[in-house]
Amino acid sequence: MRAILKGKYNPVQGFTLVELIIVISIISILVSVILPHLIDVEGQAKDAVLLGALGSLRSTARIAESFAVSTGENIDNGLVTIGNETVLLVNRFPAARDNNISSSGPGAFKGILGLMEVDGQLKVLYSNNSPIIDAASATNVRLILALDDRCVYYQPPQVVGHLPTYSHGVLNFDNETDICS
């Protein structure tokens, strides 16, 4: 103990250069493995929002069909009242978009979005914005929900007895052409 106090004993302090290089190498490897996952968190969050919207579209379409069947309303093609909304059913499922014209065709009605809430950050687009004059003209309209460069879509069935067409998960969205593919 006296030798230590008098300064005769000089213990080695700190890390050697080899130890520092090993620690830095381990940290570099961990960062290179973890960093890509942390960077893509925003993309994963956007996909989660869109997958939630896609699930809501599927559920809303089925609930509308079930409601129309249970009430005995015109379930193939026609207007039904669900809650306070008048909705156009196209081949048993809600139309993709609203129609605000009242002078021709089926008049004013809501589409599938009239039955559900959509996250405010989602961009709502349609493949066709022409006035819907009958159920047949509504079958070709596709609803697109986009968030930056990602999207999902819904389209009512083309014929009775088929299910609506949905995107198979989250797809890429082209902001210049408004195409979801």
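Mentor: Here is a close look at strand β6 and its partners.

This is a predicted model, where local features need pLDDT of at least 70, side-chain atom pairs count only at pLDDT 80 or more, and totals for chains, interfaces and linings use all residues. Residues are numbered from 1 along each chain as its sequence is written, and side-chain values use heavy atoms, with hydrogens and water left out.

Strands here are DSSP runs of E, at least two residues long, numbered from the N terminus. Two strands pair if DSSP finds at least two bridges between them. Strands of a sheet pair through backbone hydrogen bonds, either parallel or antiparallel.

Start with burial. Strand β6 covers residues 150-155. Five of its six residues are buried, so β6 is largely enclosed by the rest of the structure. Buried means under 20% relative accessible area, with a 1.4 Å probe and protein chains only.

Now the partners. Strand β5 (residues 143-147) pairs with β6 in the antiparallel sense, over five bridges. In that pairing, I144 stands opposite Y153 of β6. The hairpin of β5 and β6 has two residues between the strands. There, D148 takes a positive phi near 55°.

Next comes strand β8 (residues 171-174). Two bridges join β8 to β6, and the two run antiparallel. Here C151 stands opposite L171 in β8.

Strand β7 (residues 165-166) also pairs with β6. The sense is antiparallel, over two bridges. Q155 stands opposite T165 in β7.

Terms used:
Buried < 20%, exposed > 50% of the residue type's maximum accessible area, 1.4 Å probe, protein only. Helix = DSSP H or I, 4+ residues; strand = E, 2+ residues; numbered from the N terminus.
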